[in-house]
Amino acid sequence: MADMNEQARGLLGIGAFSSLVRLSVRMLRYYDKQAVLIPAHIDPDTGYRYYAGDQIRDAVLVRSLRDVGFSVSAIAAVVPQAHDPQILRRALEAHRGELHSESSLVRRRLADLANLIDNLTEAPMTDISLVTIPATTILALRGVVPTYAEQSRLWDAFVPLAEGCGLPARPETGGSTYFDEGYQDTDVDLEVWVPIGEPITVEAPLACRRVSEHRAAVATVRGDYGGIAAASADLARYLAREGLVKTGPLSHVYVVGRDQTANSADYVTKIRVPV
């Protein structure tokens, strides 16, 4: 017992340490097991934990990192290097970036939730019709983009190539055609295109081709692109109700979009499904 007292001399028992650093005894035991904050001494007979005074700084840092959302594994990685202010700063700034990304995701989810709540009492009113799409010639660029939200990458590549063919920088209408069989979380096979009057000779990666006349179910979306998901669901219900079978890839036609107006409330997008 004398040896134990000698080793523990000058150390703080877990209760006193807990009070000073404002971490519960339960959490201190947990952080010990996770190798985040290991006691300076553990009595071999009683298992009682003792902490050194110079561990207070680490304990306060652990609490601070926990309170701003660091995971236990991240805390365990940061604390041993916290003596270097530059390393600590980089870790904090990286976590701040993660929090910004998470907050953007939360804002999007809140907007989607508000829309879902609104639709519980207000049925979507999507204008859907069955029409004949006349034959047309298009200039197109096909590629794979990481996600649907990043299709602007393909447009950014397409516009200068189209201008090199003598097309205007801001065509009246354009569209996107989606070739994947189903919805893709990643690696979206996409073609962006604009209609042109007469066929022209082009070089890869551009393509110029004639699209034959065909029948299509068309849903008209007015307002920003956030309404496309609900309109697509309405279009699916329409196809099922009318007994229509999809015969080709779905397209979005941007009748009025970013190139025509800065006000997203004025956008007009047509979702076309060949049938």
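So, the sheet with 8 strands: it's an open one, and the order runs β4-β9-β11-β10-β6-β7-β5-β8, with antiparallel pairing. Strands here are DSSP runs of E with at least two residues, numbered from the N terminus, and two of them pair if DSSP finds at least two bridges between them. At the edges sit β4, residues 127-133, and β8, residues 206-211, each pairing on one side only. On average, neighbouring strands in this sheet are turned by 30° against each other, ignoring direction.

Before I go on, this is a predicted model, where local features need pLDDT of at least 70, side-chain atom pairs count only at pLDDT 80 or more, and totals for chains, interfaces and linings use all residues. Residues are numbered from 1 along each chain as its sequence is written, and side-chain values use heavy atoms, leaving out hydrogens and water.

Okay, let's zoom in on one pair. β5 (136-145) and β7 (188-196) pair antiparallel over 9 bridges. Which residue is the bridge partner of arginine 142 in β7? That's glutamate 191.

Now the helix. α7, residues 152-164, lies across β5, β6 (174-178), β7, β8 and β10 (250-256), and runs at about 140° to β5. A helix means a DSSP run of H or I, at least four residues; axes are lines fitted to C-alpha atoms, for helices over the stretch in contact, with angles from 0 to 180 degrees between N-to-C directions. Contact is heavy atoms within 4.5 Å.

There's also an open sheet of 3 strands, ordered β1-β3-β2, again antiparallel. Its edge strands are β1 (12-13) and β2 (41-42). β1 pairs with β3 (49-51) over 2 bridges, and leucine 12 has tyrosine 51 as its bridge partner in β3.
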